[in-house]
Amino acid sequence: MPFMGMNLLNVLSEEELSFECDCSRERFENALLTLGKDELQAMKDEDHGAEIVCQFCQTKYEFSEADLEELIND
């Protein structure tokens with residue numbers, strides 16, 4: 001038994017629990033690339049960029065028309 005003789009609640013209450021999101025601009029660039037060049041071009045032409053908000057930490061990542069053009073041409 002891994003917790004024999006220990007109260008799990010006491011162990012958890014003594015440890016400071018924290019959350020740290022591992023999102024990054026690079027991860028969202030890679031996600032955009034999965035959409036394909038046609039969809040990226042449509043975002044560039046119609047929306048003049050893109051904004052992605054991480055669903056976990058609410059960090060906003062903005063991609064300009066130039067950013068999308070760079071992804072399209074890579």
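To begin with, are Phe28 and Tyr61 buried or exposed?

Modeller: Happy to! Both Phe28 and Tyr61 are buried; buried means under 20% relative accessible area, exposed means over 50%, and partly exposed is in between, using a 1.4 Å probe and protein chains only. Please keep in mind that this is a predicted model, in which local features need pLDDT of at least 70 and side-chain atom pairs count only at pLDDT 80 or more, while totals for chains, interfaces and linings use all residues. Residues are numbered from 1 along each chain as its sequence is written, and side-chain values use heavy atoms, with hydrogens and water left out.

The structure holds one aromatic pair. Phe28 and Tyr61 form this pair, which is tilted, with 5.1 Å from centre to centre and 40° between the planes. Rings of Phe, Tyr and Trp (its six-membered ring) pair if their centres lie within 6.5 Å; planes under 30 degrees apart count as stacked, over 60 as edge-to-face, and the rest as tilted. Phe28 belongs to helix α2 (residues 25-33) and Tyr61 to strand β2 (residues 60-64), so the pair ties together parts that are 33 residues apart in sequence. Helices (H or I, at least four residues) and strands (E, at least two) are DSSP runs, numbered from the N terminus.

Let us follow β2 from here. Five bridges join β1 to β2, and the two strands run antiparallel; strands pair if DSSP finds at least two bridges between them. Ala50 stands opposite Phe63 in β2. The two strands form a hairpin with six residues between them, and Gln58 in the turn has a positive phi of about 65°.

Next comes helix α4 (residues 65-73), whose buried residues are Leu68, Leu71 and Ile72. They cover an arc of only 100° around the axis, which puts them on the same side of α4; the arc is that of the directions from the helix axis to the C-beta atoms. Ala66, Glu70 and Asn73 are exposed on the other side of α4. The buried residues of α4 pack against α2, α3, β1 (49-53) and β2.

Helix α3 (residues 37-47) contains Lys44, which is buried at a relative accessible area of 17%. Leaving aside neighbours within four places in sequence, Lys44 is in contact (heavy atoms within 4.5 Å) with Gly49, Glu65, Leu68, Glu69 and Ile72.

Finally, back to α2 and its charged residues. Asp67 forms a salt bridge with Arg25, the closest N and O atoms being 2.9 Å apart; a salt bridge is a side-chain nitrogen of Lys or Arg within 4 Å of a carboxyl oxygen of Asp or Glu. This pair links distant parts of the chain, with Asp67 in helix α4 and Arg25 in helix α2, 42 residues apart. Salt bridges that share partners join Arg25, Glu29 and Asp67 into one network. Arg25 and Glu29 meet in a salt bridge of 3.7 Å, N to O, and they are separated by about one helical turn because they are four residues apart in α2. Arg25 is partly exposed at 29% relative accessible area, Glu29 is partly exposed at 27%, and Asp67 counts as partly exposed at 25%.
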